[in-house]
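Please read the points below with the sequence and the model at hand.

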Amino acid sequence: MTDREIDVLIAGQVYSDLVFTGVQAPAPGAEVYAHGFAISPGGAANRAVAAARLGAHTALVTELGDDPIGCIVAHMLREEANMDLRFAVQHRGYQNPISVAITDGHDRSFVTYEQQPPHLPSWPESTPVRVAHVGLGRGPVHAEAARLRARGTILVSGVGWDPSGQWSEAVLDQLDDVDVLIVNDVEALGYTRAENVDAALEVLAERVDLAVITLGSGGAMAAQGPLRLRVPAIAVRAVDPTGAGDAFTAAFMAATAWDWEISQRLRLASISATCSVRGAGGARSAPRPADIADLLSEQRSDPEWESVRQWAERHRTSVIPATRGALTS
C-alpha cells in the first residue's frame with residue numbers, strides 16, 4: 001500500500017451532506033415534507049468517491065470531525081473500494097462541516113455550517129501520483145500540488161462559482177500552473193467575458209493545455225491545441241443534481257490517469273454525471289461501472305458510446321475493495 005502509485009488524488013474539505021429530495025425549500029414559518037432523504041459524504045468526497053467507484057486508486061487528503069454525523073461519513077468513506085485514506089486525519093472535538101440540501105431535481109437550496117479546520121494533512125511526499133485536483137481562485141496553486149506537478153503529476157483544476165458576481169479575470173492568470181481546466185458553461189462565460197461557450201472555449205484554450213466546458217444536459221466540449229471535441233449527454237429523469245459536476249471531473253481524471261483518448265474521457269465523464277443525477281447525494285449517487293453499463297445498454301444503436309459501454313461491461317464486477325489505510329487521529 002505504501003508504495004502503490006495513486007491514480008487520482010483529491011484534496012479539500014469533506015462535508016456531511018443531509019439531502020432532502022422531491023421538495024422545494026419552504027417559505028419562512030412553513031413546513032414541507034420530502035419524498036426522499038440521504039446522508040452522504042460531500043465536498044471533496046464527491047470527486048474522491050466517484051473516482052474510486054470507477055476503479056481508480058484514489059487518495060483523499062482531508063480532515064474529518066468526530067461528531068456523530070462526521071463519524072457516519074468517515075465510516076462510509078472507509079467502506080469505499082479503492083479509497084486510500086492514509087492522508088486523511090480525524091480530529092477530536094472538530095465538527096465536520098455540514099450542509100443541508102433541499103432539491104426538487106432541478107433547483108437546489110443549501111444551509112451550511114462549518115468551522116475552521118485545524119490544519120490540512122500532508123500530501124504524499126514520495127508516492128507517485130498520476131493525476132491530482134487543485135482549486136483556483138484563492139491565491140497561488142497549493143505548494144504541495146506544484147511539487148507533485150514538478151514530479152510529473154497532471155494537475156486538473158476548476159474555478160468554482162463566484163458568489164460576488166465579479167468573475168475576476170485574474171483567475172485565468174493562474175492557468176499556467178495547471179494542465180487541465182474543467183468548468184461549467186456559466187463559469188466559462190463569467191470568467192472569459194465571452195459571448196458564447198464556443199468563444200469562451202477558445203479563450204481558455206489559449207491559457208491552458210486542455211480546456212473542458214460542461215454544458216449540463218447539452219453534454220461537454222473540449223479543446224487541446226487544434227483539437228475541438230463535443231459529446232452529448234444522455235437524457236434521464238433527475239432526482240438530485242448535487243455532485244454531477246464532481247462526478248464528471250472525477251471520471252475525466254480517472255480516464256486521464258488511464259491514458260484514454262480525450263474523446264473517450266469526455267464520454268466517460270458525461271455518462272458518469274448523468275448517472276449521478278438519478279440518485280440523492282453527491283458521493284452517495286456516484287456511479288459504478290455496472291450503473292454505466294446498464295444505462296448505456298440502451299444506447300447500443302449509437303456506436304460512439306460502444307467503447308465506453310464495453311469498458312463498463314468488462315469492469316461490471318471487477319472493482320474490488322483495495323487495502324485501505326485507516327483514518328488517523
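1. The structure is a predicted model. Nine helices and 14 strands are found in the protein.

2. Overall dimensions. The C-alpha trace spans about 50 × 50 × 45 Å along the principal axes of the protein. The radius of gyration is 19 Å, which agrees with the value near 20 Å that a compact globule of 329 residues would have.

3. Burial and surface. Of the 329 residues in the protein, 54% are buried. The protein exposes about 14700 Å², and 49% of this area is supplied by carbon and sulfur atoms.

4. Contacts along the chain. Consider the contacts between residues at least 6 apart in sequence: 70% of them join residues that are at least 24 apart.

5. Charge. The protein carries 27 positive and 40 negative side chains. The centres of these two sets lie 5 Å apart.

6. Strand β1. This strand covers residues 6-11, and six of its six residues are buried, so β1 is largely enclosed by the rest of the structure. Which strands pair with β1? One is β9 (residues 129-135), in the parallel sense and over four bridges; in that pairing, Val129 of β9 is the bridge partner of Ile6. Another is β4 (residues 58-65), also parallel and over four bridges, where Leu60 stands opposite Ile10.

7. Leu9 within β1. Leu9 is found in strand β1. Is Leu9 buried or exposed? Its relative accessible area is 0%, and it is therefore buried, the cut-off being under 20%. Leaving aside neighbours within four places in sequence, the contacts of Leu9 include Ala59 and Val61, and also Val129, Val131, Ala132 and His133. Trp123, Pro124 and Met253 are in contact with Leu9 as well.

8. The hairpin of β13 and β14. Strand β13 (residues 220-224) and strand β14 (residues 227-231) pair in the antiparallel sense over five bridges. Within this pairing, Ala222 has Leu229 in β14 as its bridge partner. Two residues lie between the strands of the hairpin, and Gly225 takes a positive phi near 60° there.

9. Leu204 in helix α5. Helix α5 consists of residues 197-205 and contains Leu204. At 2% relative accessibility, Leu204 counts as buried. Which residues does Leu204 touch, not counting those up to four places away in sequence? They are Leu172, Leu175, Leu181, Val183, Ala188, Thr192, Ala211 and Ile213. Glu306 is 102 residues from Leu204 in sequence, and the two are 30 Å apart in space, C-alpha to C-alpha.

10. Arg78 in helix α2. Arg78 has its place in helix α2, which runs over residues 68-78.

How values were computed
Residues are numbered from 1 along each chain as its sequence is written. This is a predicted model: local features need pLDDT of at least 70, side-chain atom pairs count only at pLDDT 80 or more; totals for chains, interfaces and linings use all residues. Side-chain values use heavy atoms; hydrogens and water are left out. The radius of gyration is taken over C-alpha atoms; the globule rule is 2.2 Å times the number of residues to the power 0.38. Buried means under 20% relative accessible area, exposed over 50%, partly exposed in between (1.4 Å probe, protein chains only). Contact means heavy atoms within 4.5 Å. Accessible areas come from the Shrake-Rupley method with a 1.4 Å probe; for residues, only the protein chains shown count as cover. Lys and Arg count as positive and Asp and Glu as negative; His and the chain ends are not counted. The place of a charge is taken as NZ of Lys, CZ of Arg, CG of Asp or CD of Glu. Two strands pair if DSSP finds at least two bridges between them.
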